[in-house]
Amino acid sequence: MTVGIGVRGRILQILGNAILLVGVFLTIMPFVYMVSASFKPGSELFSIPVRVLPDDLYLGNYELLFGETSFLRWFANSVFVALARTVIAITLSLMAGYAFAKFEFRFKRPLFFLVIATLTLPLYVILVPLFSMMATLGWMDTYWALILPFTAQAIGIFLARQQLLGIPNELLEAARIDGASEWGIFTRIVVPLAQPVIAVMGILFFTASWNDYIWPLIVLTSDEKFTVSLGLPSLIGPYDQEYGAVMAGSFLGTLPIVIIFLIFQRRFIEGIMAGALKG
Amino acid sequence: MAWQLSRNGAVAAASAPAAVLRPARAGRAPGRRAITPYLFLAPFFIVYAIFLLYPVIDAFRLSFNERIGISTPTFVGLENYRTLFEDERYLKALLNTTLYAGASLFILSPLALLLALAVRSFLVPSANLKSFYRIAYFLPNITSFVVIALMFGLVFDANYGLLNAFLEAIGQPTHNWLRSEDLALPSIVLVAIWTFLGINSLYFLAGLQNIPDELSEAAQLDGATRFQVFWTVTLPLLKPTILFVVVQAIIFSYQIFDIPFLMTRGGPSDATLTLAVYLYEIGFQRFDQGYAAAIGYSLAVISILLAGLQLLLFRAFRDD
């Protein structure tokens with residue numbers, strides 16, 4: 001395509017890329033500012049004229065973050081909650097997805113329809129009763145409340161079923177004739193063949209949990225149970241406004257997801273795109 | 001929506017030999033077989049019934065009751081729903097959220113389409129450059145709304161913000177972006193566009209990849225200009241993708257919470273109050289649970305109507 005686009009085409013190309021690069025600049029800039037602000041002392045962060053890059057690498061914000069806030073604890077909580085939620089949600093989705101993909105049974109269609117019908121249901125519909133339920137169960141301010149309610153994900157069933165439809169029935173029948181138990185078939189044949197969709201679901205559920213804000217906001221009250229998402233905004237109170245430390249925490253809190261993204265780029269994009277189906 | 005997912009490496013359809021095996025399966029001990037699928041379904045559906053279905057029903061019941069805090073609910077019929085139409089703050093939130101959804105429809109979606117078209121066109125010749133743009137514009141999507149809100153809180157800060165510093169440098173007037181009744185909502189919209197531009201153009205790119213190049217090449221050979229090719233070949237074939245992107249963006253817009261809540265708390269004077277922020281305030285600060293449930297259901301009705309519209313239009317496109 002580069003051959004024979006002519007002078008006009010060449011000019012358009014330069015112009016087009018210039019505009020696209022401005023867009024990239026605008027997209028990246030807030031991140032640059034976040035990282036840079038995390039290395040600035042408050043006096044420099046709130047001084048005029050505003051400068052993008054710090055004068056020199058000030059580490060006080062990080063010292064404050066690790067020394068005087070529970071950031072490390074929040075980070076550990078986020079990791080624990082996200083992992084637990086992800087592992088359980090993947091297990092439930094794969095098992096049910098397998099049933100929908102490879103078995104005939106009564107009420108199959110209505111059950112599947114029920115699951116799909118709740119795909120676009122906004123969380124806000126159930127927020128109030130779910131909160132009351134947590135109170136009744138005595139789960140307020142516990143990890144249970146953060147983990148369990150979000151482990152039955154309709155999107156997971158949808159994705160798992162889609163993938164598992166592709167497993168040849170002969171393979172399962174052969175294993176049955178060889179005397180394998182149904183659970184054995186699931187763990188030794190189905191799960192290994194489901195690796196791609198496991199990765200997609202893993203990324204989708206992990207990031208959703210990592211970034212969740214409103215639910216921890218509602219059910220958590222004690223600082224030591226906070227997740228990163230809930231902890232960071234709590235640093236900006238009416239009296240303390242440690243923006244430098246908040247930016248340091250934002251930077252560190254975003255890193256795990258960025259690293260997962262860089263490792264699993266293709267699956268990651270698939271996962272996020274699948275997640276949007278949820279609405 | 002299956003077309004969207006089938007691209008994602010998911011396998012096409014059940015294999016044909018299934019039919020051959022079916023008689024054999026029917027002949028086997030039915031007792032053990034019959035219960036197997038239900039055992040696989042049980043864990044999911046137990047969690048699903050407790051934490052989703054029950055609250056959905058409970059919220060519906062609650063929306064016809066008055067219940068403040070932990071008081072005993074009293075049945076009030078349609079009172080909560082009637083209040084919605086008279087509650088100025090609710091209507092303001094509905095208006096704000098609709099304006100915001102409008103921006104998704106009329107600004108975000110066209111911009112995303114333009115971006116996708118540009119990245120795919122001859123303007124970006126090398127594959128490396130294409131994937132550079134894809135990744136760069138995608139970055140906001142791997143950032144949590146909380147971090148985005150905190151980050152832009154600094155960008156929009158009246159005295160020390162990056163935006164005002166930039167405006168000052170080029171000799172333009174500065175503004176108190178988040179504290180101004182006129183500018184707060186546009187500021188939030190700007191943040192949302194920044195956040196969702198990348199993912200939406202990825203959807204469009206996926207849709208564009210499904211359109212065979214031969215069609216537009218044939219049209220160009222017949223002497224059509226680039227614009228004519230776009231208007232008569234690309235755009236009609238892209239209709240399902242456009243529909244998907246637009247409806248998803250609108251549904252998602254109606255549920256926005258984190259960004260306005262953290263950046264402005266819905267203020268100033270409710271200028272950025274959204275339905276979700278209002279629901280949070282009613283349900284978890286005023287503990288007016290019945291009314292909050294009604295607000296929640298009004299959101300669900302909007303989502304269901306939009307999803308239904310999408311389904312209808314999909315059918316119409318397919319029958320074309």
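Start by selecting A:Gly156, A:Leu159, A:Ala160 and A:Gln163 in helix 8 of chain A; they meet A:Pro196, A:Val197, A:Val200 and A:Met201 in helix 11 of chain A. Contact here puts C-beta atoms, placed from the backbone, within 7 Å. By class, this contact has six nonpolar, two polar and no charged residues. Nonpolar covers Ala, Val, Leu, Ile, Met, Phe, Trp, Tyr, Cys and Pro; charged covers Asp, Glu, Lys and Arg; the others, Gly among them, are polar.

This is a predicted model: local features need pLDDT of at least 70, side-chain atom pairs count only at pLDDT 80 or more, and totals for chains, interfaces and linings use all residues. Residues are numbered from 1 along each chain as its sequence is written, while chains are lettered from A and ligands numbered from 1 in the order in which they are written.

Now show both helices whole: residues 154-164 and 195-211 of chain A. Helices are DSSP runs (H or I, at least four residues), numbered from the N terminus. The axes lie 9 Å apart, at an angle of about 165 degrees. Axes are lines fitted to C-alpha atoms over the stretch in contact, and angles run from 0 to 180 degrees between N-to-C directions. Helix 8 and helix 11 of chain A are therefore roughly antiparallel (over 145 degrees).

Next, colour domain 1 (6-58) and domain 2 (66-276) of chain A. Such bounds come from an automatic or database domain assignment. The C-alpha centres of the two domains are 34 Å apart. Where do they touch? Eight residues of domain 1 of chain A contact six of domain 2 of chain A. On the domain 1 side, helix 1 of chain A gives the largest share, four residues.

Notes
Helix = DSSP H or I, 4+ residues; strand = E, 2+ residues; numbered from the N terminus. Parallel < 35°, antiparallel > 145°, perpendicular 65-115°, else oblique. Contact = placed C-beta atoms within 7 Å.
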